[in-house]
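Grab your viewer and work through a few exercises on this structure. Try each task yourself before reading its solution.

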Amino acid sequence: MNTIAVLIPTFTIEYSIDVLSGIYDYFADKDVKVIVCQTKFPHSTIGVFDYQYFTSVEYLKAHDVNAYIVVSGVYTATIPHEQLEDIVAQFAPRPVISIAADFSLPGTYSILADCNKSFSEIVGHLKNVHHCKKIAFFSANSTKSAEALERYDAFTAALEEHDLPFYPDLVFDGKFTYAESKAAMKKACPTKEDVTFDAIVCANDMMASGCMEALQEIGVKIPDEVKVTGFDDAVVSKLSNPKLSTINQSIYKQGYKAAELADTILNGKSIRKRTLIPLLSKFRQSCGCVNCNSSQAIFVDTEGKTCLDTEDEDLKLNQFVYELNERNKIITLMDTVRGANTLKQLFYNIKFIAQQCDMPCIAINFLKDVVYLDAEDNFECPKKMSLWMLHDGENSIELFKPGVNYNPRETLVPSRSLQSSKGIFILHPIFSGETNYGYLLCKVSKKHFFDYIVYLKIIITTIAQSFEYTNQIVETEKLETEKNALTRQSRTDELTQILNRRGFIEQGQAALDLMQETDKSGVVFFADMDGLKKINDTYGHEVGDLAIKTQAQVLKSVFRSADVVGRLSGDEFGIVAVGMKLNHVESVRLKVDMMNEKMSKENNLPFKLSISLGAVDLQKSSVLKKLLSAADQSLYQEKRKKRHARLSENS
């Protein structure tokens with residue numbers, strides 16, 4: 001069975017929906033496996049982590065892919081033609097069918113729109129039917145895309161064919177967008193008097209819509225004073241006011257033809273290097289062929305025949321009902337995946353997920369080691385992956401961790417049952433942020449690719465979360481004893497056996513966060529022993545260490561088990577007292593002083609321990625280190641009071 005890969009940057013634009021529908025319909029009853037990928041663009045950060053989608057291109061180089069269909073027109077609207085050609089060259093020597101861009105590479109074949117014929121029809125119509133003599137043009141030449149340049153050349157050739165003059169100063173650039181074209185038109189023609197043309201041909205419908213609105217805002221009547229035409233027959237052409245005259249690219253036919261050519265060449269038959277698809281000119285209200293007061297969805301063709309231009313009301317109602325059902329599916333899907341905390345739990349739910357999403361088969365494949373990618377990184381296809389989870393509803397197969405390891409450079413489909421399964425599949429990389437885990441391969445039973453990409457985004461997010469949670473559980477179980485010992489060691493002060501500075505900051509901040517989140521009171525203490533230097537100088541450091549250990553015991557005994565007590569440095573301690581109020585601080589100081597006297601005697605110290613405590617409540621900050629700094633200032637005041645008291649006693 002042949003495998004054909006389809007590369008397209010996005011499923012979510014009208015062009016993509018139409019071209020994929022044509023591909024889907026052609027292969028619906030063919031004995032072929034088709035793998036469709038939404039790749040976005042290399043190193044793209046338009047959606048922050050969009051670059052992760054392009055990892056799928058590396059998987060598509062697998063040896064069991066026999067041919068490729070590349071929707072080149074969407075790529076070259078964003079990346080240079082030469083860059084796309086370099087990408088396509090990596091699939092050699094296997095055949096590549098390119099839609100809307102022509103490559104000089106051997107083994108590449110092109111589906112091209114017959115722009116010359118269509119622009120000739122548009123310009124001839126404006127001249128002969130509407131008597132236009134001075135025609136402007138809205139280009140997108142600044143994008144340097146093949147489509148933009150092709151349409152510009154077709155327009156100028158049409159002017160020459162129909163003996164109309166070309167006006168270089170009446171060529172504007174809108175970069176294929178509504179906003180850019182509107183701004184460019186307003187800049188070129190700030191007033192109605194600046195409009196010197198009687199018609200304007202635009203290289204796409206979005207620019208025509210922006211141009212038309214800019215002209216209307218300065219009082220130009222369309223179509224009475226200026227005729228406007230677009231290109232694409234996008235939804236906006238039917239929604240604009242007046243409705244836009246345009247060129248239908250027959251995008252569905254282009255997709256269908258590309259599929260037919262790929263199938264033909266894999267069956268050993270020769271095909272032409274280039275195939276031209278005839279386009280359909282639709283003359284509506286914006287050129288004056290349809291009355292602007294008419295609410296009918298109609299257009300006039302090149303022969304002057306009036307044609308119906310829309311579905312009937314029943315089909316509109318069916319579409320409305322379908323969209324409601326899709327919203328309900330998404331809600332149900334989100335409820336289903338919420339219960340999948342671990343990969344095993346996800347496996348138990350995969351059957352229901354597949355049913356809800358019209359996916360007869362789902363295979364989840366993980367890299368041997370996850371890969372962390374930045375936008376500038378190039379992903380290299382690994383030599384080893386594992387099939388982790390399989391739901392094959394067609395053959396009633398459910399597998400979890402079957403131990404199937406494979407080389408993705410050799411095959412995209414590790415399951416034997418799926419290898420023999422014909423139909424349309426989607427390959428989607430599994431990622432979360434910078435982390436790439438592998439890819440998901442699912443068979444689809446409908447051609448609503450826009451809906452599938454929404455389902456898959458929810459599913460891969462759940463897979464990534466389940467993967468991380470499962471790994472966390474496994475690692476915790478495997479290393480629990482060692483980890484706990486190491487954790488205690490790294491966070492425990494060796495001398496006093498209470499928390500060291502690192503442990504105190506971590507646990508103290510966590511306690512602080514919880515108190516502030518639950519709106520509980522609390523006090524942070526910064527404590528400093530009195531006279532430790534004198535103790536060391538008089539009795540030696542061994543006794544000094546005993547004093548520090550005893551002081552730590554005092555603090556642990558005075559404060560509760562829920563409180564966080566740690567040694568910050570030599571004779572400095574920190575305490576986070578959970579639930580305490582600031583007016584209780586004096587009683588705490590008294591308890592510490594009494595316990596110091598008791599513990600000094602019990603440990604046979606030749607002196608009485610003394611420590612000063614500075615205190616602040618949680619209103620000062622949400623950051624423990626800042627609260628400790630504030631408590632240190634309070635400690636300074638406390639030490640000064642003690643000094644004054646000693647001076648008063650001595651005097």
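This is a predicted model: local features need pLDDT of at least 70, side-chain atom pairs count only at pLDDT 80 or more; totals for chains, interfaces and linings use all residues.

**Exercise 1.** Work out where E85 sits, whether it is buried or exposed, and how far away the nearest side chain of opposite charge is.

*Solution.* Start with the secondary structure: E85 belongs to helix α4, which covers residues 81–89. Next, check accessibility: E85 is buried. The nearest side chain of opposite charge is K273, 8.1 Å away. Finally, list the contacts: leaving out residues up to four places away in sequence, E85 touches F103, S104 and L105.

**Exercise 2.** Find the strand order of the open sheet of 4 strands, then say which helices lie on this sheet.

*Solution.* Reading across, the order is β7-β6-β8-β9, and the pairing is parallel. The edges are β7 (171–173) and β9 (227–229), since each pairs on one side only. From one strand to the next, the twist averages 20°.

Now zoom in on one pair. Strand β6 (residues 135–139) runs parallel to β8 (residues 199–202), and the two share 4 bridges. One of the bridge partners to look up is A199 in β8, which goes with I135.

Helix α5 (residues 115–128) lies across β6, β8 and β9, at about 170° to β8. Helix α7 (residues 178–188) packs on the sheet too, touching β6, β7 and β8, and its direction makes about 135° with that of β7.

**Exercise 3.** Look at phi for K175 and K401, then place each residue and decide how accessible it is.

*Solution.* K175 isn't a glycine, yet its phi is positive, about 55°. You'll find K175 in the loop between β7 and α7. Its relative accessibility is 40%, so it counts as partly exposed. K401, also not a glycine, has a positive phi near 50°. K401 is in strand β17 (residues 397–406). With a relative accessible area of 49%, K401 is partly exposed, because exposed would need over 50%.

Conventions
Residues are numbered from 1 along each chain as its sequence is written. Side-chain values use heavy atoms; hydrogens and water are left out. Buried means under 20% relative accessible area, exposed over 50%, partly exposed in between (1.4 Å probe, protein chains only). Lys and Arg count as positive and Asp and Glu as negative; His and the chain ends are not counted. A salt bridge is a side-chain nitrogen of Lys or Arg within 4 Å of a carboxyl oxygen of Asp or Glu. Contact means heavy atoms within 4.5 Å. Axes are lines fitted to C-alpha atoms, for helices over the stretch in contact, and angles run from 0 to 180 degrees between N-to-C directions.
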